[in-house]
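Welcome, and please open the model in your viewer. We will go from stop to stop, selecting a few residues each time and looking at what is there.

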Amino acid sequence: MEAPLATAQPRDTGIDAVASATRRLIDAITRAGGAVDPDADAIVADLDALTARIDAHAPDLAERIATMWRQPGPGRFDPAGGTENPLSPPVSLWVEPDGSLRGEVTLRLAFQGPPGHVHGGTSAMLMDHALGIANARAGYAAVTVGLDISFRAAIPIGSTITILARHDGRDGRKVRSSGELRVGDLTCVTATGTFVLMDDPSTREKFRRASREQA
């Protein structure tokens with residue numbers, strides 16, 4: 001039996017496809033670097049024209065934010081796992097039999113920090129995202145107030161990263177979770193997070209509804 005998906009289901013059409021194509025563009029620009037200089041003016045003109053075409057469809061910011069949060073199921077727009085966000089890798093997480101989460105992601109050159117390796121801030125984002133999803137799966141809509149990270153080994157760009165996360169419990173309004181990033185058998189990053197329950201009933205209900213729909 002296939003493990004249930006805890007994050008948004010990627011699509012091959014619509015905005016998901018546009019975001020995926022934009023990731024390929026970002027990767028091409030990052031890899032090409034200054035080699036594009038002789039053709040830069042023409043490339044910029046093409047990109048500006050495409051940007052104007054897309055921008056013609058864009059509502060104002062408040063309307064767009066409201067539309068994002070009216071979507072059913074897990075969020076599709078965050079910078080770590082959002083299938084609609086061209087800045088996300090994106091990350092997909094599945095539910096293990098014990099209730100913990102597991103996923104895999106390969107990070108492109110745009111996520112480089114030290115030479116040939118993943119930026120530590122990107123690793124922190126992945127951990128924060130996965131720990132938050134683990135809490136949401138447990139029925140707790142909570143925001144991060146503390147993230148304790150240990151960087152044990154550098155993660156090579158282009159390697160397959162395994163993401164593990166688990167909900168550890170609740171103490172009053174505080175919710176705790178933990179996880180790690182691995183490459184093969186090597187644990188590269190560990191993290192424990194402290195989260196505080198959100199007071200907004202409608203937001204809380206959205207997290208619970210998403211968990212029920214994905215169960």
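Start with strands E3 (residues 142–151) and E6 (residues 186–197): they run antiparallel and nine bridges join them. Strands here are DSSP runs of E with at least two residues, helices are runs of H or I with at least four, and both are numbered from the N terminus. Two strands pair if DSSP finds at least two bridges between them. This is a predicted model, in which local features need pLDDT of at least 70 and side-chain atom pairs count only at pLDDT 80 or more, while totals for chains, interfaces and linings use all residues. Residues are numbered from 1 along each chain as its sequence is written, and side-chain values use heavy atoms, with hydrogens and water left out.

**Around strand E6**

Select Gly146 and you will find Thr194 of E6 opposite. Two residues separate E5 from E6 in a hairpin, and Gly184 in the turn has a positive phi of about 65°. For background, most residues other than glycine have a negative phi, and most peptide bonds are trans.

Which residue of E6 is the bridge partner of Glu180? That partner is Thr190. Thr190 is buried, with a relative accessible area of 18%; buried means under 20%, exposed over 50% and partly exposed in between, using a 1.4 Å probe and protein chains only. Beyond its neighbours within four places in sequence, Thr190 is in contact with Asp148, Ile149, Ser150, Arg152, Gly179 and Glu180, where contact means heavy atoms within 4.5 Å.

**Helix H1**

Move to residues 14–32, helix H1. Colour Asp16, Ala19, Arg23 and Asp27, which are buried in H1. Seen down the axis, the buried residues of H1 fall within an arc of 85°, so they line one face of the helix. That arc is taken from the directions from the helix axis to the C-beta atoms. An α-helix has 3.6 residues a turn, so residues three or four places apart point the same way. After H1 comes Gly33, with a positive phi near 55°.

**An aromatic pair and a cis bond**

The structure holds one aromatic pair. The ring centres of Trp69 and Phe77 are 5.2 Å apart and their planes stand at 70°, so this pair is edge-to-face. Rings of Phe, Tyr and Trp (its six-membered ring) pair if their centres lie within 6.5 Å; planes under 30 degrees apart count as stacked, over 60 as edge-to-face and the rest as tilted. Trp69 is partly exposed at 44% relative accessibility, whereas Phe77 is buried at 16%.

Next, select Pro89 and Pro90: the peptide bond from one to the other is cis, with omega near -10°. Pro90 is in the loop between helix H3 (61–70) and strand E1 (92–95).

**Last stop: Val118**

Val118 sits in the loop between strand E2 (101–106) and helix H4 (120–137). Is Val118 buried or exposed? Val118 is buried, with a relative accessible area of 7%. Leaving aside neighbours within four places in sequence, its contacts include Leu107, Phe111, Ile155 and Ile157. Val118 and Leu107 are 11 residues apart in sequence and 7.5 Å apart in space, C-alpha to C-alpha.
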